[in-house]
Amino acid sequence: MPAASPSSSADKVRRADVRHGGQGTSLLDDMFDLGGNKGVPRTAALDGLRGLAALMVFLVHYAALVAPWLPAESLIAASARGMHAAGHLGVYLFFVISGYLIYGSLIRKEAAFLPYMARRIRRIYPIFLVVFALYLVLSAVFPEQSKIPSDPSEAVPYVLANILLLPGLFDITPIITVAWSLSYEMFFYLVMPIIVGMLALRRRSTGFRLAVFGAIWVMIPIMFPEHFAASAFIVGIMLVETANAYRDRSLPGWLEPLAVLAFAAAIVLYSAVYLDLIEGAHINIWKNIVLFAASYLLFLATLQRDGALAGLFRLRIARYFGNISYSFYLIHSLCLHVVFLVTAALIPAESTAHSLWFWALLPPSLLASTLGAAGLFLLVERPFSLDGKGAVSLLRRKQGEGLLTAEATLESR
């Protein structure tokens, strides 16, 4: 066999790199879909923000479950209650991201409704149905923990309502605690192309579109105060309409610290209202205004390519976590309950309450939730909702990449 020339060997290595996602891609890059060294898109920082949102929701449930192990009147117990309240804003951030991405895609280019909804259903349902089935099995094994009515005539419609993602928009208790937000997501997916099409928004001016969605934002807390969270989608829509004006020019240096301070203030205000520390006839109006402004500033600063916030949220660890955030969102509560069932069996809460338990139980709780989410992402979410590449196919591909690179190296000698 004739020896390969250096150029042909290099070509072979380059072909392997192209086929397998770019030079120097690690197994983690391949598995969690970061694209290796092909370049980080401008919106990659949104993946990091998804990770932040997922962690905030995690704190809601962690703070509630760890409470029995904390001294009731301690500073850490009060802090945990604050984290529990503030963590609810994680869902608000998820809705802002959905508003930005979904509306942005719809306003740029017309899409046939049925294929569009098929893609949305494919994105939401495979992993939801797997986790939902797991909850049904656990409800049968542990009936004392089940939310499903014992009467079949009540149980069947209740389960069907959950499958149809009705809890949230309607006063129905979700079997998966966090799944209430999916009803808002599906409703947004359904109505947004209708609004864009009926009002011919693609042909309208930016000012007209801002007026339409500004009016909707004002109407939601007035007409549907129980669905206040839906107003977060409008923040994402407003970002689409206004961020283009800043796309090719640098924003003032004070924007990022202002955005961080504003979002911190929004967290404090939201938590204080949630815990009934602040009351007043118009407090919810002010809360909505502060949340809107703070979220808008945070996302506007993050979407700037060269900003410090963008760099922070584009870090690999942030994007890894952001890419598995949907799996993490659905499975973390179940993982936390397992951790605390084991903890309760080993360390009775009533006789061992101490502030240090908050910090001691946090790492295993986060690790269990992350491992569960990573497995769910690789086995279900990525192969069935994203690109069809599961853990097994990615491992085989990586092995093939190694063999091809080794062959090219040998032939070049």
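## Exercise 1: a pocket and its lining

Task: sort the lining residues of the second largest pocket by class, then find where they come from.

Solution. Step one: this lining has nine nonpolar, six polar and two charged residues. Here Ala, Val, Leu, Ile, Met, Phe, Trp, Tyr, Cys and Pro count as nonpolar, Asp, Glu, Lys and Arg as charged, and the others, Gly among them, as polar.

A word on the source: this is a predicted model, where local features need pLDDT of at least 70, side-chain atom pairs count only at pLDDT 80 or more, and totals for chains, interfaces and linings use all residues. Residues are numbered from 1 along each chain as its sequence is written, and side-chain values use heavy atoms, with hydrogens and water left out.

Step two: of the 17 lining residues, Leu-138, Gln-145, Leu-334, His-337 and Leu-341 lie nearest the pocket's centre. On a 1 Å grid over the protein atoms alone, a pocket is an open set of points with protein on both sides within 12 Å along at least five of seven lines, a cavity is a set where a 1.4 Å probe fits but cannot get out, and lining residues have an atom within 4 Å of a point.

Step three: helix 6 (113-141) and helix 15 (325-346) each supply at least two lining residues, and helix 15 gives the most, with six. Helices are DSSP runs (H or I, at least four residues) numbered from the N terminus.

Step four: the pocket holds about 620 Å³ of space, a volume being the space filled by probe spheres set on grid points joined across faces, edges and corners.

## Exercise 2: two packed helices

Task: at what angle do helix 15 and helix 17 pack?

Solution. Step one: helix 15 and helix 17 (residues 356-386) pack at about 135 degrees, with axes 8 Å apart. Axes are lines fitted to C-alpha atoms, for helices over the stretch in contact, and angles run from 0 to 180 degrees between N-to-C directions.

Step two: the two helices are therefore oblique to each other, since angles under 35 degrees count as roughly parallel, over 145 as roughly antiparallel, 65 to 115 as roughly perpendicular and the rest as oblique.
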